[in-house]
Each structure stands twice: as structure tokens, then as C-alpha cells.
Amino acid sequence: MKNNKYNLRAIAANAIAQVLDKGQSLSNALPELQKPLSDKDRSLLQELCFGTLRTLPELEWYIHRLMDKTLTGKQRPLHYLLLVGLYQLLYTRIPPHAAVAETVNGAIALKRPQMKGLINGVMREFQRQQQALTERQQQQKSRFQHPSWLLQRIQEAYPDKWQPIVEANNQKPPMWLRVNRQHHSRDDYLSLLQQAGIEAFTHVDYPDALRLATPNSVNQLPGFSEGWVTVQDASAQGCIPFLAPQDGENILDLCAAPGGKTTHILEAAPQANVTAVDVDETRLKRVHENLARLGQRAKVCVGDGRDPQSWYEGQTYDRILLDAPCSATGVIRRHPDIKWLRRSSDIDELASLQKEILDAVWPILKPGGTLIYATCSILPEENRLQIEEFIKLHPDARPTAIDASGATYRQNLPEPEGGDGFFYAKLTKALT
């Protein structure tokens, strides 16, 4: 990088510090840091940050073998700079000499010019030992790139499938599109992509979904600004076929931000009366933006799902989509910082919150109405066990077949070329 105004490696180190030291998500930390950057450098910064956090245990293992004493206190940003440097050498196509030089210059940008020699020495030593170190590292538990508590929970929940789940979590996610059926059928839009030289594949279960062979800028997608298509993971799209919204119905999308499912409901049933509710007023701005791009209307309001009386106006709903707050353990490949922001104790707290919301909104579902409970988690405590307990405590809650298989719930696991980890359960409220 020849731009002297900023050093991307130093910016990446600061972003990682915000995640690991201050508990911020990359989704919150990155936008502000990306503002002064060119489009190309924004993409590279994102790659450096997401990649470093995706492979954090491996990178830490190397540093502990390359240094007698790790950097702490005021020198801690340089530790994160080294992580970024090693990630470049291991996982990017950046020429090694450029990766080393820019990482060393990062010490100057971090106002620690006296540490340039140390950064250079560690990077060069890794290059000399790289083959031997990587062979040794592959025998370590850190190769799974997950904190031990999460790895244990996944192993306990999926004793025969845990390794493919972990491997999928450690890969970059595919890019899925949702075709707006109000403009084109999925097959017609697939033809438009092919005409534009963009290769894509359909999904066997979700009728609006297309996976791009290679991620593309939305600006290259035919009709994106006109609302012909939306970027949304395939598994997230699965909520709407299960909800089966109809024109004229009152439908609640609870925990709606950023609005992907709200807009999907309106694509499937444009004459439905949709209310989108979320507790986070800032994130609701995205709901408004998505509705505007797609030319749709919905009632959008701030509200806590645990207290419907404070926001709903007395009407009951034909259908409720509850995309409940969760651990997000099904979308780790999209948000690798989740591995380092979550704690094992969070799971029980989230399960308790989910129960509170379910209990609170069940009374505002009409008799005969449908509730879809969904999470982007793969942990049973938030999913199957949550729904089984709810049914025991609510005699008017009827588990209902979610698809042709007759199953009343579905647990998707992350797959390299499939959708994210996602859970859905379908409940119908008894008429009497």
C-alpha cells in the first residue's frame, strides 16, 4: 500500500482490539474505521479483520512459539498487529515481502516506531520456520479454531457431526441472493445473471434462493437498486415458506431488524398488513432502508418482545415470525467474532430471554394462527429443547408439520456451499 495517510494493518489491529479488549462486534467497529478508505482498501481491511478472528487460536499458537513473552499493556496493539501479519502470510495472496513491510510500518502508525525491529524479527522468523510450525500446529487442538467451551457444546450436541460443523464455521461463507418474485421468477433472474456473466445455483428447498459461484458486488447484480434481488442467506430465507403469509392477514415480524424477513414477507404477500418490531431503534433504520429500496410499506416500531402491551394496538395476529435473539452459533462463518464475544454462560441467559418473549407474544396470536420460532443457532437449548418446554407449558400450542416430511421443526447446520445454521419450529394455536 502506497497511501501514506493510513496503514491498513494498523487499522486492522485497532479493530481487533475493539473486539477482543472492548467486546465490540466487527459489525459495529468496522464501518467507522472504513470511512476514509478506498473501496479496494475497505475490502482488504474486512478480509484482514474477519480472517484474523476466524483463525485466532492458530495465530496465537504461532506467536507463543515465536516469542518468549507476549506483548501486553500499552504494547498490546502490536500483538494484534502481529496476528494480522501472520494471517497475511498464511492465508492471503499478498506477496510476503509486502505483507512483512506493511506490517512493520504498522508499528509506526500505532506510534511505536521503536518496535519495528521486533515486528520485523518475529515475521521473518515465522517465514524461516513456517513449514515446521504449520506441521506441528495441525496436531494441536487449536486447529479447530474454536474456544474450548463452544467446541465442547458442539461435540455434545452433535457427536457424529461436530467436525464438519466446525470445519464449515472456519470457511468463508457463500453469497446467497433472494429473488424478488414480484419482479422475476427465480429462473428468470438466473438467466439475467448468466447473461451478465455471473454463475449461480438454485437451492433445493428454498424457492427464491440463488447461490453465486463467486461473491460479487451488489452493484454488478442486475436490478439490485430497483429491488429485483436482495442479499440474504438461504437458511434465513427458509422462514417465509414455513410462515406461508397470505394477502390481507395481520402479520408480526418480531425482532425484525435489519428487515430481511420483513421484506421477504411482503414479496410473498404484498397485500399483507405487516408490523415489524425490534428493541434496537438504531438497527430499525436498516428496516426502513430495505423497505424503501424494495418499494414496500410496513408498520415499523420500537418495542421489547417481552412487553407487547407497550407497543401493540390491541389487534391479534394471524401469523407471527419470531426470529429470536440467540447465540448466533449458526452464523459464525459470517461473524467469526462471535466465537470470542460469546461466553458459555450466555446460552442459559439467552434461552431464558427466548422463553420470556415466547410466553409474552403467544397471547397476541389469533386462535388458529401460526407462529414460526426461528434462531440462527445450532444449540439445542435455544432450539428444540426450548420449543419442547414451551409446548409442555402451553396446552393450546400445537406442533405443526413444517414441510412435506411431517417434521414440526427443522435444524439446518452450516454447510460449505449451503445455508447457515438455522432452526425453525412451527406452532399453531388451538381454536378452543
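Before you start, note that the model is predicted: local features need pLDDT of at least 70, side-chain atom pairs count only at pLDDT 80 or more, and totals for chains, interfaces and linings use all residues. Residues are numbered from 1 along each chain as its sequence is written, and side-chain values use heavy atoms, with hydrogens and water left out.

**Stop 1: α1 against α3**

Select residues 8-20 for helix α1 and 39-54 for helix α3. Helices here are DSSP runs of H or I with at least four residues, strands are runs of E with at least two, and both are numbered from the N terminus. The two helices pack at an angle of about 45°, with their axes 9 Å apart. Axes are lines fitted to C-alpha atoms, for helices over the stretch in contact, and angles run from 0 to 180 degrees between N-to-C directions. That makes α1 and α3 oblique to each other; under 35 degrees counts as roughly parallel, over 145 as roughly antiparallel, 65 to 115 as roughly perpendicular, and the rest as oblique.

Now show the side chains in contact (heavy atoms within 4.5 Å). From α1 these include L8, I11 and I16, and from α3 they include L44, L48 and T52. By class, this contact has 12 nonpolar, 1 polar and 2 charged residues. Ala, Val, Leu, Ile, Met, Phe, Trp, Tyr, Cys and Pro count as nonpolar, Asp, Glu, Lys and Arg as charged, and the others, Gly among them, as polar.

**Stop 2**

**Stop 3**

Jump to strand β9, residues 365-375, where 8 of 11 residues are buried (under 20% relative accessible area with a 1.4 Å probe, protein chains only; exposed is over 50%, partly exposed in between). Strands pair if DSSP finds at least two bridges between them. Click L322 and its bridge partner Y373. Then bring in β12, residues 422-429, which pairs with β9 in the antiparallel sense over 6 bridges; A374 has Y424 as its partner there.

**Stop 3: β5 and β6**

Finish with β6, residues 273-278, with 5 of its 6 residues buried. Strand β5, residues 250-254, runs parallel to β6 over 5 bridges, and N250 is partnered with N273.
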